[in-house]
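Reader: I would like a close look at a single part, the interface between the two chains. Please describe it plainly, then say what it rests on.

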Amino acid sequence: MIIVNLDVMMAKRKISLGELAARVGITQANLSVLKTNKAKAIRFSTLEAICHELQCSIADILEYREEQ
Amino acid sequence: MNGFGKKSILISKILCYIIYAAITLATVGIPFFVKLIFGSIGAEALIPKATAMLYFSLPPALTATVFLHRLLVNISAENIFTEENIRIIGILAVCCAFVGVLYLAFTFAFRTMILVSFAAFFFCVMLTVIRSVFCAAYLIKQENDLTV
């Protein structure tokens, strides 16, 4: 399964959910869906915007873990 | 929803209200109507069977109309591909199947009712297919809603 470590990166960069959502251009609700691992898919444009705002790579945000 | 869609839903709602009125009238008017039709052709012996057949048709007709109206209300509120609507379409299909069985049973008295029965079963199948389409659309919508 894919784990979203957005909260970790947000804490490192000291940015709130609302601020990041506004900078990325998506709603707070949608970003919350992503943060809480409820999202089913993510657009490349959103991923690009998040990586740009958090100054990180995709691997810092998305992690693959084998399901047991 | 665009103007054409809104107009279509409005027309459908008006037709629903007309059907409601027709069912209300039929509840009291069936005996008079049947006596008038069958009496005029000298088939008085068929009056009880015709009356029973029409009265048995009223519950599925009313049920279908109520749920059809509910479906229209949901669609006009832009809640289209939802679990409730899928359930409603399933109920409409069951109503059609019930009418199909009912009129098939009454073919012993009125042979032409086999055509009405066939039409009802055909609508049941059509609604079942539409229900499957709605199920698929609901899953696609869910995935789309959870796409960030």
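Author: Between chain B and chain A, the count of salt bridges is zero, a salt bridge being a side-chain nitrogen of Lys or Arg within 4 Å of a carboxyl oxygen of Asp or Glu. This is a predicted model, in which local features need pLDDT of at least 70 and side-chain atom pairs count only at pLDDT 80 or more, while totals for chains, interfaces and linings use all residues. Residues are numbered from 1 along each chain as its sequence is written, chains are lettered from A and ligands numbered from 1 in the order in which they are written, and side-chain values use heavy atoms, without hydrogens and water.

Polar contacts do occur: five residue pairs, both at pLDDT 80 or more, link chain B and chain A. Such a contact is a pair of N or O atoms within 3.5 Å; within protein, one must be able to donate a hydrogen and the other to accept it, and residues adjacent in sequence count only if both atoms are side-chain atoms. The side of chain B that touches chain A has two nonpolar residues, two polar and one charged (Ala, Val, Leu, Ile, Met, Phe, Trp, Tyr, Cys and Pro are nonpolar; Asp, Glu, Lys and Arg are charged; the others, Gly among them, are polar).

In contact terms (heavy atoms within 4.5 Å), five residues of chain B meet eleven of chain A. About 750 Å² is buried between chain B and chain A, with carbon and sulfur atoms giving 62%; buried area is the accessible area (1.4 Å probe) that two parts lose on being put together, summed over both. B:Leu146, B:Thr147 and B:Val148 supply 82% of what chain B buries against chain A, more than any other three residues.

On the chain A side, consider A:Arg43. It lies in the loop between helix H3 (28–35) and helix H4 (44–54) of chain A; helices (H or I, at least four residues) and strands (E, at least two) are DSSP runs numbered from the N terminus. Leaving aside neighbours within four places in sequence, A:Arg43 is in contact with B:Asn144, B:Thr147 and B:Val148. A:Arg43 counts as partly exposed because its relative accessibility is 42% (buried is under 20%, exposed over 50%, partly exposed in between; 1.4 Å probe, protein chains only).
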